[in-house]
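Reader: I am new to this structure. Could you take me through how its parts are arranged?

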Amino acid sequence: MATQETSQSATFRHAFGNVLSFAVLLLIGVMAFSIRLFSVIKYESVIHEFDPYFNYRVTQVRLVFVYGIFANSFLRDQFVYPLGRVIGGTVYPGLTLTAGTLWRILNSMNIPLSVETVCVFTAPVFSAFASLATYLLTKEIKGAGAGLTAAALLAMVPSYISRSVAGSYDNEAVAIFALIFTFYLYIKTLNTGSLFYATLNAIAYFYMVCSWGGYTFIINLIPMHVLLCIVTGRYSPRLYIAYAPLSLNVVSIRMLNITFRREKAASSQASSLISEVKLGIVRVVMVVLGTLLAALVPVVGFNAVMTSEHFASFLGHAANLQMSFSNSVVFIIIHVVALVYYIKGILSPQMFKVAVTLVVSVGMVVCFAVLAVLIALVASSPTKGWSGRSLSLLDPTYASKYIPIIASVSEHQPPTWPSYFMDINVLAFLVPAGIIACFFPLSDASSFAVLYIVTSVYFSGVMVRLMLVLAPAACIMSGIALSEAFDAENFLIKAGDTTKVTQNDVKHEKSEDTIKERSSRKSKKKDKENIERPSLVSQVEKRLLVLPLETSVIAVFLLVLLGAFYVVHCVWAAAEAYSAPSIVLTSRSHDGLHVFDDFREAYAWLSHNTEVDDKVASWWDYGYQTTAMANRTVIVDNNTWNNTHIATVGTAMSSPEKAAWDIFNSLDVKYVLVVFGGLVGYPSDDINKFLWMVRIGGGVFPHIKEPDYLRDGQYRIDSQATPTMLNCLMYKLSYFRFVETDGRGFDRVRNTEIGKKHFKLTHFEEVFTTHHWMVRIYKLKSPRNRIRGKTKKSKSKSGTSTSSKRSGTRKKNPWQ
Amino acid sequence: MAAAIFSLFIFVVALLIGTSSASSSGLQILQAERQIELTSHIVRVYLTLKIENTEDAPATEVLLAFPPTQFDHLALVKAAVTVGKKRKKSYVPLEAKPTERPDAPNGTKYHSVSLLKPLAKGETTNLEILYILTQSLEPFPEEIAQSDPQLVYYHDSAIILSPYHIAHQATMIKTPSNNVESFTQVDPAHRSGSELRYGPYEGHGPYSYSPIIVHFENNHPFAVVEELEREIEISHWGSVQVTESYKLAHAGAKHKGAFSRVEYQSRPGGSGVSSFKHLLAVLPPRVHSVYYRDEIGNISTSRLRTNSKKTELLIEPRYPLFGGWKATFLIGYGVPLKDFLFESAPGARYLNYTFGCSIADTVVDKLTIKVVLPEGSKDPSVEVPFAVKQSLEKKYSYLDVIGRTVVVLEKRNVVPEHHVPFQVHYKFNPLFMLAEPLMLASTFFLLFAASVVYLHIDLSIRKKC
């Protein structure tokens, strides 16, 4: 009778708990979505920054203008004139396909949202999904309570917010979800051994591959974990099932036959014949699926990965070697282990011993041979098999020393300590506790979590950008830590409750309490009462505690305080730090809010008042925006795969007017765009970026030398500046007629008066300057006009020499 | 343009040489006074005619003649007859519509004004006529630099073109400033300040013509909306949503050479005088959720002033517009339904809204008005006081199934005088309002029902224990 009652109430409690966690998850999702809307509310619903504009452009073109294969050729000509950009091979299609599909679904339901709106809100929607995935993953590792906590933490972790606010339409927006979800499915498969989840895992991994270069993180982490499990003697068929299908995505087609045979070995664990056949069929499907999927993604096609040098696949380069290497090694190992277990099952112990010695000796020989071959291969390649980016992943200072174009991007710098505090905040303190909690007890899943946090901490230390990979791991760990701490405190508070209250009641109350605490902490409301009231009410008369009651209560209170601090920080970060769209700037002064909308002013001007096929040259930062907003072809853009091309523009900017004109003219440029912040004090303008142009230009064209632009090693633009500096194009275009604004030409960014104040432009003509002078657009004077101006000047000298000079200089390609 | 001038010249020569065969009509104009206003880029001509019938047959219509070049730019012709004397004088509008004449010399085009009652022999009547010309000011020089003022040509005739004999006539031309470079002398003609006076001329026969050119400074912003699409979406849930998408251009003298921001900012009076950066949009009172943006996002430079009579939206394009520069933008707002939608009969409703464009003092080359009726409305019909091109479309928006009927009205050459109310009548059953909420509710119900069913059935073959 009693048991029946308990089971009944247990199911009731179970159902109630499920509903409660569902409601909490829903709230977490809503919060994850809404915390990212600060940018829309404070500013407007626009695409942010630079790269998202490219993604938006691709989405737009694919959906609205041209369909299918034509879109690629249409797009190719628009970027990086005159080389063009092979869109199919250098773009991860996951994001654009996702947003495109969303848009199509909405439109088929006659909900006429614009492509832009869908793109803007893709990231917040997917961050809600990511919280859900975190819940699932953490639930697999440490139970539902930790899952909910981790989901709540992830929903508002600043590091992730920085990449997924509304409008931040970047690969990371969907990739973090894909990353966590892939991990979840891996762990799920590991825990259940279900092929269903394994298949899902392969698909999720495929989606991740489509979305972000960070997929290499997965494909390195999972083999590492598998290896760890094997080494620590945790091999199980479930591990095999979890790992093998995934690795099939990356192992080459040649492995197909071997794989098939090995699978049979693995499936021998399954008892019945039917299941074996079924398994076999599934595996065949999987092999085909895996190889097909991998081949489908053009970016990942081995050729593309080997040759393309774009930032998105930063990790890809480090993993180039490892991917094929570590994967196949681990792949072989797991099959060997599987075989060993299989044989162990068949043979008698003695026979097995003999077999082991035999196999080990043969294996050693084979291993040495393979190792020797590999070493020979690596040594024979001129770069020792490592590209610059892989080296910089191992040695964080490598890039800044040798490759200026990588070092010029701020998100590729190693992070500073404050940025850890800014981006993951109190999680940094909770992570160690989480790691400890993972060891009690250590399961396959929790060992994976530990491995994940350790590797991601390392990677985040190399590059600020990879902080994003660390954030989910930190959230999971902190979720576990918090949840365990609450459980422990709760247990302590309630321990000894033996006499007066029935066991049933205690259980009931306890589970309810914990869930309530978590949920309330998540939704950041009146946490204190919730925790203290029930505990105090029921526990006043209990004295049989391990720790004093007061200590526990205080500990709980402190934890809640910590959580509250985290929430406050996250909301602040979302509202203030990470929501600015960067194309609209605002400043607060005594007479109200000032809006600096100069970028769009310039882009709108370009789009409406220049010819459609005019080419615009600017520093590469503004390339994507120009293409997307001004709809004009650019010379270089944020896709930095062609260093030489960027160096050409850098050289032009650092050259004197005449040489610059020649370079631009040979590139068929009509307009040159510079960003100038000297009038209003906008610090990230082209003059401040100018040294990078010199460095990158000088890296390819040696006649540009950095010391020429520096006076005693100092970069300055005042009267002490070098003549090379004062005569270069960037200086002239930035400060042309600047002195007339205030009479002395005071630059508010550099806080100094400019060196050369009055000068004329002979080869360029100012055609547009925005309201706050932040963007200045110049037109290349046509050769005829230019010569006329010249003849006027040099009329006294000679009339004939100019014409011959003209014909001589016109066709000259200055870098050939 | 040269070809146009040349053809005009041929036309004039032919007119002068040609015999006056068209004077078959028995009407005669005793007195004609014309006032041409050239102060903005819209040319307004006020014509006062005193007409007498000299023949036996009563006259029912009066013809107004226009040279073909002018006729193409004619945006509007309004006529009125003066009724009563002195104190009790009032104007009764008359119908004026374009007509064709088989005997028209050299492609002269006509508008015929129907008189209220036929004019018997010997009777006189007074007509007040207003006609508006667009794109009739030709910038010369065609390209100007930033600091130059904008000079334009205006072509017309010193003598009023008419199929009738005009006994006595005079023409006044008003220019925006005293800066008149030159004007054709047709004696007697003289200028005082910003006024040019041609005439009085006596006793000119039918189709007399004497071309004149006035070259003067006009720095009025030549704001021309090349295309305007207004979408008026009626929702019976309480609001009318209006979206206006503009393609704006500065149709004056083209900007030449450099644009210097420092000059533009430091000498606001002397630099870029013909450019403009503000536009005033007049919206209906009680508007809500006004937005002003373009394809790349919100434009932050606008101010909204509201009072009980009207709402004024002062907008600034992203950049000042110089000659030849273009800009596109979007203005959207919602207005309360009860202000514009009325019930004419049970089940029948009509929308009463203003035709034309919200921005004051502009010419719209091509105006498209789309009235999106609610889903399920029937029998749309339109009442507009002038000729427009009409068609019907279907539009699918928020969860529509059968689509919304869209009444499309198209008109070229729209001037501020076209801002008059028009009506769209349709029949609508209020039950259709509930269609979409019910659809949503049933979808969610089905979803939940399906999940309940899914959670309660066990599809496994063997019973789990």
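Author: Contact means heavy atoms within 4.5 Å. Helices (H or I, at least four residues) and strands (E, at least two) are DSSP runs, numbered from the N terminus. This is a predicted model, in which local features need pLDDT of at least 70, side-chain atom pairs count only at pLDDT 80 or more, and totals for chains, interfaces and linings use all residues. Residues are numbered from 1 along each chain as its sequence is written, chains are lettered from A and ligands numbered from 1 in the order in which they are written, and side-chain values use heavy atoms, without hydrogens and water.

Reader: Which residues of α24(A) does α12(A) meet?

Author: Helix α12 of chain A spans residues 215–231 and helix α24 of chain A spans residues 444–462. From α12(A) come A:Phe217, A:Leu221, A:Ile222, A:Met224, A:His225, A:Leu228 and A:Cys229. In α24(A) they meet A:Asp444, A:Ser447, A:Phe448, A:Leu451, A:Tyr452, A:Thr455, A:Ser456 and A:Phe459.

Reader: How many nonpolar residues does the contact of α12(A) with α24(A) have?

Author: Ala, Val, Leu, Ile, Met, Phe, Trp, Tyr, Cys and Pro count as nonpolar, Asp, Glu, Lys and Arg as charged, and the others, Gly among them, as polar. By these classes the contact of α12(A) with α24(A) has four polar residues and one charged, and its nonpolar residues number ten.

Reader: What is the orientation of α12(A) to α24(A)?

Author: The helices pack at about 135°, with their axes 10 Å apart; axes are lines fitted to C-alpha atoms, for helices over the stretch in contact, and angles run from 0 to 180 degrees between N-to-C directions. Angles under 35 degrees count as roughly parallel, over 145 as roughly antiparallel, 65 to 115 as roughly perpendicular and the rest as oblique. α12(A) is therefore, relative to α24(A), oblique.

Reader: In which crossing does α7(A) pass α10(A), left-handed or right-handed?

Author: Helix α7 (residues 115–142) and helix α10 (residues 171–192) of chain A pack at about 20°, with axes 8 Å apart, so the two are roughly parallel. A crossing is left-handed if the near helix is turned anticlockwise from the far one by less than a right angle, and right-handed if clockwise. Here the crossing is left-handed.

Reader: How many bridges join β1(B) to strand β12?

Author: With β2 (residues 43–53), strand β1 (residues 27–37) of chain B runs antiparallel over ten bridges, and these two form a hairpin with five residues between them. To β12 (residues 165–174) β1(B) runs parallel, and the bridges number nine.

Reader: How many Å separate the centres of domain 1 and domain 2 of chain B?

Author: Domain bounds, from an automatic or database domain assignment, are 2–217 for domain 1 and 223–436 for domain 2. Taken over C-alpha atoms, their centres are separated by 33 Å.

Key: Two strands pair if DSSP finds at least two bridges between them.
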